[in-house]
Structures are given as C-alpha cells and as structure tokens.
Amino acid sequence: MSVQLPNLPYAETALEPHYSAKTIGFHYGKHHKAYVDNLNKLTPGTPLDGKSLEEIIAASAGDASRVGVFNNAAQVWNHTFFWNCMKPSGGGRPKGELAQRIDQAFGSYEKFAEQFKATAVGRFGSGWGWLVLDGGTLKIVSTANADTPMASKQTALLTVDVWEHAYYLDYQNRRPDFVQAFLDHLVNWDFVAGNLAKK
Ligand code: MN3
C-alpha cells in the first residue's frame with residue numbers, strides 16, 4: 001500500500017481571491033503530488049514499504065542515509081496539513097478555549113499574529129511557519145525546507161507554507177502580504193482547535 005495524495009478539502013477555486021485556483025493547481029497538483037510520487041519510488045524494497053506516513057517520518061528523521069525519504073515524506077505530511085489549515089472565509093480571530101490559550105501564551109491575538117508573521121516571513125529561504133504545542137506550551141516556530149515539528153517531538157497546530165512556490169504566482173516576492181492574507185482570510189481555526197483538543 002503506497003502513500004496516497006489526499007483530496008483537497010475544498011474546490012481549487014474556493015480560496016479566491018486570496019489564494020488562486022492557479023496557485024492551488026500547481027501547488028497541490030504538481031508540487032504536493034510530486035512529493036507523493038517521489039516517496040513512492042523510494043520506499044519499495046525497504047523496511048519502510050507499506051508503513052504509514054507518520055511511521056516513515058519517524059523512522060527517517062535524523063537518518064543521514066534516508067534524507068530523500070524524510071524530505072519527501074515530511075513534505076507530503078506538511079502539505080496535507082497546510083491544506084487543512086485553510087478554508088473559504090477563514091482567518092481573523094480564533095474563538096473559545098483556543099483564543100484563551102493564545103491570549104495566555106502570547107498576550108493577545110494581535111501579538112500572536114505579529115509574532116507568527118515575523119517568524120514565517122523571517123524564515124530564510126524555503127520552509128514553514130508553525131504554531132505548535134511543545135510540552136504543553138504553545139509556541140511559534142519555523143522549520144527549514146521539509147522539516148516538520150513532529151521530528152522535534154512537537155505537535156503541529158497550524159502552518160503556513162513559505163516556500164516561494166506557495167505564493168509566487170499570487171504575491172510574487174511579497175511574502176509578508178501572503179502571510180497577512182493567510183492570517184486575515186484563510187486560517188481554519190476550527191481545524192487548529194481540533195488539533196489542540198486531540199492532545
Ligand atoms: Mn509547498
């Protein structure tokens with residue numbers, strides 16, 4: 001059983017005008033699919049064949065002989081998670097217990113948003129901005145390239161992809177504008193709250 005490309009949780013046009021169908025067409029249809037296809041070429045005939053994506057990530061993280069497997073497996077996981085972090089008419093303030101936890105951890109939603117944006121925009125080169133749970137504490141972190149919080153024993157709650165392929169067609173070099181639009185119009189806080197509730 002190979003790793004599958006999951007369906008998008010919405011239509012490719014659903015996030016317009018903040019995230020275009022053209023961007024999703026390339027980002028999901030080409031980039032995300034390529035990570036799945038590459039991973040499925042690397043695992044047959046190895047002990048990782050038939051393992052779950054999470055098992056493959058755990059088994060390859062930090063293993064110099066499995067860098068290609070880790071990069072592709074982590075990118076499959078990160079992208080599937082990223083699609084679920086967005087929804088049409090999303091963004092703005094979280095509600096309920098999640099809002100309280102964010103206020104406790106960062107002082108206010110505004111301070112959270114400022115720190116999240118600065119961290120995501122400040123990631124040099126390719127990578128990801130994250131809200132994670134680390135030993136019971138909410139933290140904002142960024143990872144380089146394919147790296148993913150579970151490789152550092154953190155639980156991912158929210159992510160934004162800041163590889164250029166994630167935003168260049170819509171925002172060109174304006175990464176800050178993409179992250180701001182993500183926060184204001186795209187974040188699926190129900191998904192984030194669900195990730196927190198599972199812990
Ligand atoms: Mn991407």
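So, 19 residues of domain 1 touch 24 residues of domain 2, where contact means heavy atoms within 4.5 Å. Before I go on, this is a predicted model: local features need pLDDT of at least 70, side-chain atom pairs count only at pLDDT 80 or more, and totals for chains, interfaces and linings use all residues. Residues are numbered from 1 along each chain as its sequence is written, and side-chain values use heavy atoms, with hydrogens and water left out.

The domains themselves are 21–84 for domain 1 and 96–197 for domain 2; those bounds come from an automatic or database domain assignment. Their C-alpha centres sit 20 Å apart.

How much area do domain 1 and domain 2 bury between them? About 1700 Å², with 72% of that on carbon and sulfur atoms. Buried area here is the accessible area (1.4 Å probe) that two parts lose on being put together, summed over both. On the domain 1 side, Thr23, Phe81 and Phe82 account for 35% of what that domain buries against domain 2, more than any other three residues.

Which helices build the domain 1 face? H1 (21–42), H2 (53–60) and H3 (67–84) each give at least two residues, and H3 has the largest share, with ten. Helices, by the way, are DSSP runs (H or I, at least four residues), strands likewise (E, at least two), numbered from the N terminus.

Now the metal. The manganese ion is held by NE2 of His27, His79 and His165 plus an OD of Asp161, at 1.9 to 2.1 Å. Donors are N, O and S atoms within 2.8 Å of the metal (3.2 Å for Na, K and Ca), and water is not among the atoms, so sites may look incomplete. Along the chain the spacing reads H-x51-H-x81-D-x3-H. His27 is in H1 and His165 in the loop between strand E3 (155–161) and helix H6 (168–171), 138 residues apart.

Glu16 and Pro17 are joined by a cis peptide bond, omega about 5°, and Pro17 is in the segment before H1. Ser89 has a positive phi of about 55° although it isn't a glycine. Asp190 and Lys87 form a salt bridge at 3.7 Å, N to O.

Conventions:
Salt bridge = Lys/Arg side-chain N within 4 Å of Asp/Glu carboxyl O.
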